[in-house]
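Please view the model first.

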Amino acid sequence: MAPRIINAVTADHRQIEDCYSKVLSSPHNDEKTWWQNLFTWELARHSIDEELVICPRFEKKVPEGRAMAEEHRREHQSASKTLTKVKEQLRQFQDMIPTNPQFEPTHKALVQDPLQHIHEEKNDDLPKLEGSLSPEDSESLAKSLGRTKMFVPSRSHPSAPIGPP
């Protein structure tokens with residue numbers, strides 16, 4: 001049995017959280033840089049993947065799905081507590097070196113919005129989406145999510161559009 005969409009997205013979330021922790025806990029700058037690059041890659045891929053694959057499915061399958069999709073897109077592009085857009089924060093972080101005094105504060109600030117987003121998705125949005133899909137459609141959407149990840153950028157591009165063409 002192939003993974004369903006809720007499992008695929010949850011696995012992405014766990015990977016992002018794991019990379020975040022490893023950036024902070026790595027004892028050497030080379031290791032921090034390695035995890036920083038992986039964190040940047042995973043968060044950039046996941047954000048774009050959701051915008052291209054998940055949001056359109058919300059719009060088609062879930063009651064009030066258009067509003068949910070727009071909220072997701074806003075969260076990916078919206079202002080955080082520091083009034084810096086998440087994608088722009090990721091762009092700044094991906095170019096920092098671990099010895100920069102702003103490295104850890106930027107990393108910690110960057111993850112606050114995505115962690116809240118992950119919590120909301122896990123408890124509300126993904127169960128709604130999963131409930132609106134047949135098992136086959138859910139598995140197909142999970143496969144689509146995986147395929148799309150192979151083609152999306154590995155770095156943040158804040159000026160990129162937030163919806164499919």
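Axes are lines fitted to C-alpha atoms, for helices over the stretch in contact, and angles run from 0 to 180 degrees between N-to-C directions. Helices (H or I, at least four residues) and strands (E, at least two) are DSSP runs, numbered from the N terminus. The model is predicted: local features need pLDDT of at least 70, side-chain atom pairs count only at pLDDT 80 or more, and totals for chains, interfaces and linings use all residues. Residues are numbered from 1 along each chain as its sequence is written, and side-chain values use heavy atoms, with hydrogens and water left out.

**Chain overall**
- The chain holds 6 helices and 0 strands, in the order α-α-α-α-α-α from the N terminus.
- Of its 165 residues, 45% are buried (under 20% relative accessible area, with a 1.4 Å probe and protein chains only).
- Contacts (heavy atoms within 4.5 Å) between residues at least 6 apart in sequence join residues at least 24 apart in 72% of cases.

**α1 with α2**
- Helix α1 (residues 5-25) and helix α2 (residues 29-61) have axes that come within 8 Å and cross at roughly 155 degrees.
- α1 and α2 are therefore roughly antiparallel to each other (the term applies to angles over 145 degrees).
- Their crossing is left-handed, that is, the near helix is turned anticlockwise from the far one by less than a right angle.
- Residues of α1 in the contact include I5, V9, I16, Y20 and L24, and those of α2 include W35, L38, F39, L43 and I54.
- By class, this contact of α1 with α2 has 12 nonpolar (Ala, Val, Leu, Ile, Met, Phe, Trp, Tyr, Cys and Pro), 4 polar (the others, Gly among them) and 6 charged (Asp, Glu, Lys and Arg) residues.

**α2 with α6**
- α2 packs with helix α6 (residues 135-149) at an angle of about 145 degrees, the axes being 9 Å apart.
- The crossing of α2 and α6 is right-handed, with the near helix turned clockwise.
- From α2, the contact takes in E42, R45, D49, L52, V53, I54, R57 and K61; from α6, D137, L141, S144, L145, T148 and K149.
- The classes in the contact of α2 with α6 are 5 nonpolar, 2 polar and 7 charged residues.

**E64**
- E64 lies in the loop between α2 and α3 (65-77).
- Its phi is near 60 degrees, a positive value in a residue other than glycine.
- E64 is exposed (over 50% relative accessible area), at 62%.

Conventions:
Parallel < 35°, antiparallel > 145°, perpendicular 65-115°, else oblique.
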